[in-house]
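I opened the model today to look up a few positions. My notes follow.

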Amino acid sequence: MPNRRLRSTMLFVAGLMGLFGVASAAAASHGDPRLLGGASAMCLAHAPALVALHAGWAHFRTAALAALLLAAGTALFAGDLTMRHFSGHGLFPMSAPLGGLTMMAGWLAVAIGAFLPLKRDEDA
């Protein structure tokens, strides 16, 4: 049951990332696009990845880990850029690089999942 709740939560997060990605792209078009454009790009790139992980959850051994890492990394990275845009300072020192490394770890978890045995359907 906790795995199903996590799976649903990741789909919810994907929806919020898509929403924020579009909203920040629109906001970036009305001002300096450097920071908000980057935040938008990361959200719009990773939201579909979370949807794909949700769809393949039952057959992809590292889906939960990859989804958590991608979601957290994107939130840190995009959150830091957005905070810098609106307030002039980031979330905390090194939050964008930490978010970037976390996203890379999420993509590594996706890659490693290609070599691990598939989950059984009842594990989903």
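Where is the place of L91? I found L91 in the loop between α3 (63–87) and α4 (95–113). Helices here are DSSP runs of H or I with at least four residues, strands are E runs of at least two, and both are numbered from the N terminus.

Two notes on the source. This is a predicted model, where local features need pLDDT of at least 70, side-chain atom pairs count only at pLDDT 80 or more, and totals for chains, interfaces and linings use all residues. Residues are numbered from 1 along each chain as its sequence is written, and side-chain values use heavy atoms, without hydrogens and water.

I checked the cover of L91 next. L91 is partly exposed, because its relative accessible area is 40% (buried is under 20%, exposed over 50%, partly exposed in between; 1.4 Å probe, protein chains only).

I then looked at its surroundings. M83, L91, F92 and L98 make a nonpolar surface patch of about 320 Å².

I moved on to G99, which sits in helix α4. G99 is buried, with a relative accessible area of 0%. Beyond its neighbours within four places in sequence, G99 contacts G73, L76 and F77 (heavy atoms within 4.5 Å).

Last, I read the record. The unreviewed UniProt entry annotates "transmembrane region" at residues 35–53, 60–78 and 98–118; such annotations may be inferred rather than shown by experiment. In the model, residues 60–78 are 84% helix and 0% strand, with end C-alpha atoms 27 Å apart. Residues 98–118 are 76% helix and 0% strand, with end C-alpha atoms 30 Å apart.

Notes
Patches are made of residues with over 30% relative accessible area and no salt bridge: like charges are joined within 9 Å, nonpolar side chains (Val, Leu, Ile, Met, Phe, Trp, Tyr) within 5 Å. Accessible areas come from the Shrake-Rupley method with a 1.4 Å probe; for residues, only the protein chains shown count as cover. A salt bridge is a side-chain nitrogen of Lys or Arg within 4 Å of a carboxyl oxygen of Asp or Glu.
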